[in-house]
Amino acid sequence: MNFFDKVLDYAERLPEGIERTRDQIIGIIDPNRRHDNPEEKLNDELRAQINASHRFDSFADQRIDNAIKWHIDGHDYMYALSEILDGAKECIFILDWWLTPELYLRRPPADHPEWRLDRLLQRKARQGVKIYVIVYKEVTQTMSMNSKHTKAALEALHPNIACMRHPDHIGSKDAVEFWSHHEKLVVVDNHRGCVGGLDICLGRWDTHNHPLADVHPTDWSRTLFPGQDYNNARVLDFQHVDNYVSNAVSIMETPRMPWHDVHMTICGSVCLDLSQHFIERWNEVKRRKVRVPQFDWLALPHNVALSPNEAVVRHPHREKWHQMGRRFRQRFHLEEDDKVEPPYTPPPHGQCRVQAVRSVCDWSNGVLTEHSIQNAYIQLINEANHFIYIGNISNTREEGPVKNQIAKAIVERIIKAARDDRKFKVIVVIPELPGFAGDIKDDNALKIIMAAQYRTINRGGHSIYEEIRKAGFEPMDYIRFYHLRSYDRINAPQKSLISQMEANSGVTFYEAQIALARQWEGPRYTGDDAPKEVFIKVPQPAQEGMALSQTKMKLQKVALPASYDDAVNIVRRFEKGSDDIRGDEDVSDSVSQHRLLDRTRLSDEIWYGSEAEERDAYVYCCMSLVPTANFIEKIHMGSANLNDRSQKGDGDSEIALVVEDGDMVRTTMDGHPYMAARFAATLRRKLFREHLGLIEPQNVLHSTENVTSFMRCAPEPNDDEIGTREDNAVADPLADSTLELWNRTARVNREIFTEVFRPVPTNLVRSWSAYESYLPKVKTGHVVPEIQLQRIKERLSQVRGSVVECPLDFLIDDKEFVEGIDWLGLNPTLPIYI
């Protein structure tokens, strides 16, 4: 396009730009425009009355007879999700912060090609199932999810799939700068659902082993994390996710970042409330953005004739939506001759009382602000009698830049217990580092988030520890903080195997890496717009005196195979390059299972390369995790983080469930007989056991993997593990033996990681001046230079589970870290991070 054509193009687009500017100005000067006429005020009053009639001021009431089950980590949850989606008969609703159409729900992908999300949804759409998806429309300048690709890829599959993106960020009346739709919600046929912390996207599928390595030189079909799914956000954020094969991380050099999350599957009438939440969002986004025929209006599924006392009877839009919207069947309030077809069954489905709670407001849902998630957290904390297990909390006072009050509730509950001389424990497991690339010292976002955590924990004047000490009590007697870490060994001996395979095959390792991703992507690219090459960032050896932030990356250009068949051939050629060298069937491609109850030991692991190659193969990474809370009798679980963004209601939109199980089990609390709710007790115990290494490894090696009850969706219950030796070791959360086991394991694990890898944060770095001298001059995640291989294996073999102590003294001598100008309310971007 020449200069003159560009001028004409800009001129043609000028009216559109003026209109967008006008809309944004209207949105700024009239933020209350949807709540100011008499009809809108009446609708708001009706919603307020409905909320006020429910616990926590929620849009939804508590519902009985639900079957709820928990799934720990993506391996188990995504298998259950694939079952739920595959069983759909009429409709699928999906709300997600990020959704990756090319995500494999069952693995290894080579054994489960039909269980890739897009293929599964296309299969259901062809069967006549209507599929509705809403994804967060990201700020493209700062985020890499590419919701545009999600929408285009899904809607190209079949006309029965509709996807909307929201919100707009500039040029509209509803421009949103900071906030996101953060829910992770699936509802199928208004009957089964999923709520929790796992997005259906890259980087979330993981096993209990949390492997950091995924190199299989002689058999690439064993790969678990294809293409962009192998990622380490601490090193490099996702890049060009619309190009599945464009994995910019070197799997030979860089450990992947493991992901620990908890999710629920549900069968029961609470799904009606989850459907209501989705339908309200869908209709609101359609009303604002998409007034085209192919996007349905949706009607609420409730049968008010059979359930006239439900609050939804008074919903201000129920009748209008019923007249104009597509309505799908519900199977809870049934006529006498109604039949419920398999795989569904009529109620009751279980013994759980469940209530949906949420964070929504005008921008996200077209309603006045609701923060029933925060209300529920605060009330449940106040009602806790003995023990709280929680993740990621912030702030203890109303003044200052942070406004949510959950940490304040924790402090008040601890002080009450201390004054009553009652044994009371709070365990908080939080991410050790934010999931952003960059050096802590140089990256402002990393610093702000870490400073916010330490301002919450033990410094800044109004932290949890400081407030408890002001009341005259020792905080560590009541509350302690922890992180999660993992280690592994990458099976990629460069000189003794990889380089020889490259020479024999005429294919480089990175060409095979990209070809495999291209193979599993399937026949997608056609025409002249197909990419011809991708780039992999290969970390170079660090030089003495070089700061971490200066570590250099070499861009390795790799040609993209021209076709699917070419990709298959490239991988086969590389694999055959080992035929004249040796096999590596006896060499483990991952050793992370040794942190758990593996039947072998790390010292038994075979390595055919040199000692120097094996030494360089050991890696570590901090674990990303979901903030899951456990209050013994009641569980509060969902998408919400315990920060301002998620809790205030007028920030990120969130959905969660409060679960109370009527199935009680006999146990002890501080040695005394106690009746605990099965759902909460078994989840807390299984989480403890994973973090302490008291579970069997979850090795995913082939398609004949045993499908356990933990992988099946509700209403099938999880197997009962109460009474096993490992379960008994953590059954009583207040027992001295449990607390001693937990704290000893966290301390020893921290000491081992410090010796072998020298990670940050650490108590050994009390100021920025000590930071540079402490950091090892090695590639990210690799062992320190001075330690010998025998010592590495000896120490790592003593790691149990993943829990490590939180280093409370990191940068504690640097007052500016937590008391600088950012915390005086003068930083307008602060809400983005907290």
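Colleague: How many aromatic pairs does the structure hold?

Modeller: The structure holds 26 aromatic pairs. Rings of Phe, Tyr and Trp (its six-membered ring) pair if their centres lie within 6.5 Å; planes under 30 degrees apart are stacked, over 60 edge-to-face, and the rest tilted. Bear in mind that this is a predicted model: local features need pLDDT of at least 70, side-chain atom pairs count only at pLDDT 80 or more, and totals for chains, interfaces and linings use all residues. Residues are numbered from 1 along each chain as its sequence is written, and side-chain values use heavy atoms, with hydrogens and water left out.

Colleague: What kind of pair do Trp205 and Phe225 form?

Modeller: Trp205 and Phe225 are edge-to-face, at 5.7 Å centre to centre with 65° between the planes. The two are 20 residues apart, both in the loop between strand S6 (192-196) and strand S7 (259-260). Helices (H or I, at least four residues) and strands (E, at least two) are DSSP runs, numbered from the N terminus.

Colleague: Are Trp205 and Phe225 buried or exposed?

Modeller: Both Trp205 and Phe225 are buried. Buried means under 20% relative accessible area, exposed over 50%, and partly exposed in between (1.4 Å probe, protein chains only).

Colleague: And what lies over the face of Phe225?

Modeller: Arg256 does, at 3.9 Å from the ring centre. A charge sits over a ring if NZ of Lys or CZ of Arg is within 6 Å of the ring centre and within 35 degrees of the ring normal. The charged end of Arg358 sits over the ring of Phe59, 3.9 Å from its centre.

Colleague: Which residues form an aromatic cluster?

Modeller: One cluster is made of Phe93, Tyr132, Phe278, Trp282, Phe295 and Phe328.

Colleague: Switching to strands. Which side chains cover the faces of S11?

Modeller: Strand S11 covers residues 387-390. Phe387 and Tyr389 are buried on one side, Ile388 and Ile390 on the other. In a regular strand the side chains alternate between the two faces of the sheet.

Colleague: In what sense do S11 and S12 pair?

Modeller: S11 and strand S12 (residues 425-429) pair in the parallel sense, over 4 bridges. Two strands pair if DSSP finds at least two bridges between them. Phe387 has Lys425 as its bridge partner in S12.

Colleague: Next, cysteines. How many disulfides does a search of the whole structure find?

Modeller: The search finds 0 disulfides. A disulfide here is a pair of cysteine sulfur atoms within 2.5 Å.

Colleague: What about phi of Asp189?

Modeller: Phi of Asp189 is near 55°, a positive value in a residue other than glycine. Asp189 is in the loop between S5 and S6, and is buried, with a relative accessible area of 0%.

Colleague: Last one. Where does pLDDT stay under 50?

Modeller: Over residues 544-550. pLDDT is the predictor's confidence in each residue, from 0 to 100. Where pLDDT is low, the predicted coordinates should not be read in detail. The protein averages a pLDDT of 89, and 89% of the residues score at least 70.

Terms used: Contact = heavy atoms within 4.5 Å.
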